[in-house]
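Here is a short briefing on one protein model. Keep the sequence and the 3D view open while reading.

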Amino acid sequence: WLKPFWLKPWLVSLLDLVTRCHGVASVLQLVSMPHVRGVATRLARRDRARDRGFLRDHPPGLRSLLVPTLVVEQVRTMVKSLELHRVHDGASGGVSHFAR
């Protein structure tokens, strides 16, 4: 029976030693996975995407909300109703508990 290379006793001992001395982050830097970009490369790629306009911050006063696909239209309707409720509260100068 052949053991995978990561179960070899000498490698387990080395990783245990590095973990105890320098923490898990050092171990993760030692063990590089194939087909995975390095940290510096990922940060550079993210910066390029932001500079080219692919990543944008939320507009002021707005946030994203993840909802299931099945309820998207109902949630949109509810948001429009709440926005109209806020407009009516502003026009009346008061705050009402119910949106009627």
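Helices here are DSSP runs of H or I with at least four residues, numbered from the N terminus. The model is predicted. The protein has 4 helices and 0 strands. Its elements run α-α-α-α from the N terminus on.

**Burial and surface**
- Of the 100 residues in the protein, 5% are buried.
- The protein exposes about 10000 Å². Carbon and sulfur atoms supply 63% of that area.

**Helix α3**
- Helix α3 covers residues 39-51.
- α3 has 13 residues, so at 1.5 Å a residue it should span 18 Å. The end C-alpha atoms of α3 are 18 Å apart, which agrees with that expectation.

**Helix α4**
- Helix α4 covers residues 72-92.
- From first C-alpha to last, the 21 residues of α4 reach 30 Å. That is close to the 30 Å expected at 1.5 Å a residue.
- α4 is hardly covered. The count of buried residues among its 21 residues is 2.

**Salt bridges**
- How many salt bridges does a search of the whole structure find? The search finds 2.
- One joins the side chains of Asp47 and Arg50, at 3.2 Å from N to O.
- Asp47 and Arg50 are 3 residues apart in helix α3, so about one helical turn separates them.
- An α-helix has 3.6 residues a turn, so residues three or four places apart point the same way.
- Asp47 is partly exposed, at 34% relative accessibility. Arg50 is also partly exposed, at 45%.
- Glu73 and Arg76 form a salt bridge through their side chains, at 2.8 Å from N to O.
- Both Glu73 and Arg76 lie in helix α4. They are 3 residues apart, about one turn of the helix.
- Is Glu73 buried or exposed? Glu73 has a relative accessible area of 51%, so it counts as exposed, the cut-off being over 50%.
- Arg76 has 49% relative accessibility and therefore counts as partly exposed.

**Positive patch**
- Which residues form a positive surface patch? They are Arg37, Arg45, Arg48 and Arg52.
- Arg45 lies in helix α3.
- Arg45 has a relative accessible area of 41%, so it is partly exposed. A patch residue needs over 30% relative accessible area and no salt bridge.

**Nonpolar patch**
- A nonpolar patch on the surface is formed by Leu65, Val67, Leu70 and Val71.
- Together these residues have about 400 Å² of accessible area.
- Where is Leu70 found? Leu70 sits in the loop between α3 and α4.
- Leu70 is exposed, with a relative accessible area of 79%.

**Recap by element**
- Helix α3 holds Asp47 and Arg50, one of the salt-bridge pairs. Helix α3 also holds Arg45, a member of the positive patch.
- The loop between α3 and α4 holds Leu70, a member of the nonpolar patch.
- Helix α4 holds Glu73 and Arg76, whose side chains meet in a salt bridge.

Key:
Residues numbered from 1 in each chain as written. Predicted model: local features only at pLDDT ≥ 70, side-chain atom pairs only at ≥ 80, totals over all residues. Heavy atoms only, no water. Buried < 20%, exposed > 50% of the residue type's maximum accessible area, 1.4 Å probe, protein only. Areas by Shrake-Rupley, 256 points an atom, 1.4 Å probe, with all protein chains shown as cover. Patch = residues over 30% accessible without salt bridge, like charges linked within 9 Å, V, L, I, M, F, W, Y side chains within 5 Å. Salt bridge = Lys/Arg side-chain N within 4 Å of Asp/Glu carboxyl O. Expected span 1.5 Å × (residues − 1). Lys, Arg positive; Asp, Glu negative; His and termini not counted. Charge placed at Lys NZ, Arg CZ, Asp CG, Glu CD.
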